[in-house]
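Dear colleague,

I am handing over the structure below, and the notes that follow it set out what was found. Please read them with the model open beside you.

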Amino acid sequence: IDTLGEAANEATVIQRILEFYNALTGADVIAYCPQGSDLSHIKVLGSADMEKLCGLFTVFDGAYRLNESGKGFIFKISGRGEQYGMLLVEGFSPQRSVPHFLNLSLNFSRVFALALSNARKVEDLLHAKRKIGEKA
């Protein structure tokens, strides 16, 4: 988690978030869906039924929700009035860990949002720099 702010692009930040959750929880499935994109952009660690996973993301409303299985949750990554995406964590054992990790996740959400925001700004700056270089 300490290297999130160093990531120069959004894809790297997302990969590090997924790896962080994998190390932290050992959950069977960890998935990220960017806000406002089609569901083909979902990034997944673990083995998942993509059709079911897409359904979980499309019907999700609110800041968070416990999964029907009772072994996981989904939460929005947002900060400073902007929503960046949603993270699903599924397959905890034992189930009593779910509330603990959900609480941590809701606190981490702002950190993740800041890292994603910074990565997008870096990508925008690099894109602008390339455009200026092409015109010169």
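How many of the six residues of strand β1 (residues 29-34) are buried? Six of the six are, so strand β1 is largely enclosed by the rest of the structure; here buried means under 20% relative accessible area, exposed means over 50%, and partly exposed lies in between, with a 1.4 Å probe and protein chains only.

Before going further, please keep in mind that this is a predicted model, in which local features need pLDDT of at least 70 and side-chain atom pairs count only at pLDDT 80 or more, while totals for chains, interfaces and linings use all residues. Residues are numbered from 1 along each chain as its sequence is written, and side-chain values use heavy atoms, with hydrogens and water left out.

As an overview, the protein has three helices and five strands, which from the N terminus on follow the order α-β-β-α-β-β-β-α; helices (H or I, at least four residues) and strands (E, at least two) are DSSP runs, numbered from the N terminus. Of the 136 residues of the protein, 38% count as buried. Among the contacts in the protein with a separation of 6 or more, 53% are between residues 24 or more positions apart, where contact means heavy atoms within 4.5 Å.

A31 stands opposite L88 in β5, and on the β2 side A31 stands opposite V44.

Turning to charged side chains, a search of the whole structure finds two salt bridges, each defined as a side-chain nitrogen of Lys or Arg within 4 Å of a carboxyl oxygen of Asp or Glu. In one of them the side chains of R120 and E10 meet at 3.0 Å, N to O, and this pair links distant parts of the chain, since R120 lies in helix α3 (residues 97-135) and E10 in helix α1 (residues 10-25), 110 residues apart. In the other, the side chains of R120 and E82 meet at 3.4 Å, N to O, which again links distant parts of the chain, with R120 in helix α3 and E82 in strand β5, 38 residues apart.

E10 counts as buried, at 16% relative accessibility, whereas R120 is partly exposed with a relative accessible area of 23%, and E82 is partly exposed with a relative accessible area of 39%. Not counting residues up to four places away in sequence, E10 touches Y32, L116, A119, R120 and E123.

What space is left open in the model? The largest pocket holds about 220 Å³ of space. For the method, a 1 Å grid is laid over the protein atoms alone, and a pocket is an open set of points where a 1.4 Å probe fits, with protein on both sides within 12 Å along at least five of seven lines, while lining residues have an atom within 4 Å of a point; grid points are joined across faces, edges and corners, and the volume is the space filled by probe spheres set on the points.The lining of the largest pocket includes V29, S47, D49, K52, L88 and E90. Helix α2 (50-58) and strand β5 are the elements that give two or more residues to this lining, and α2 gives the most, with three residues.

Finally, L66 is in strand β3 (residues 64-66) and is partly exposed, with a relative accessible area of 48%. Leaving aside its neighbours within four places in sequence, L66 is in contact with G72, F73, V98 and L102.

With best regards

Technical notes. Pairing = 2+ DSSP bridges.
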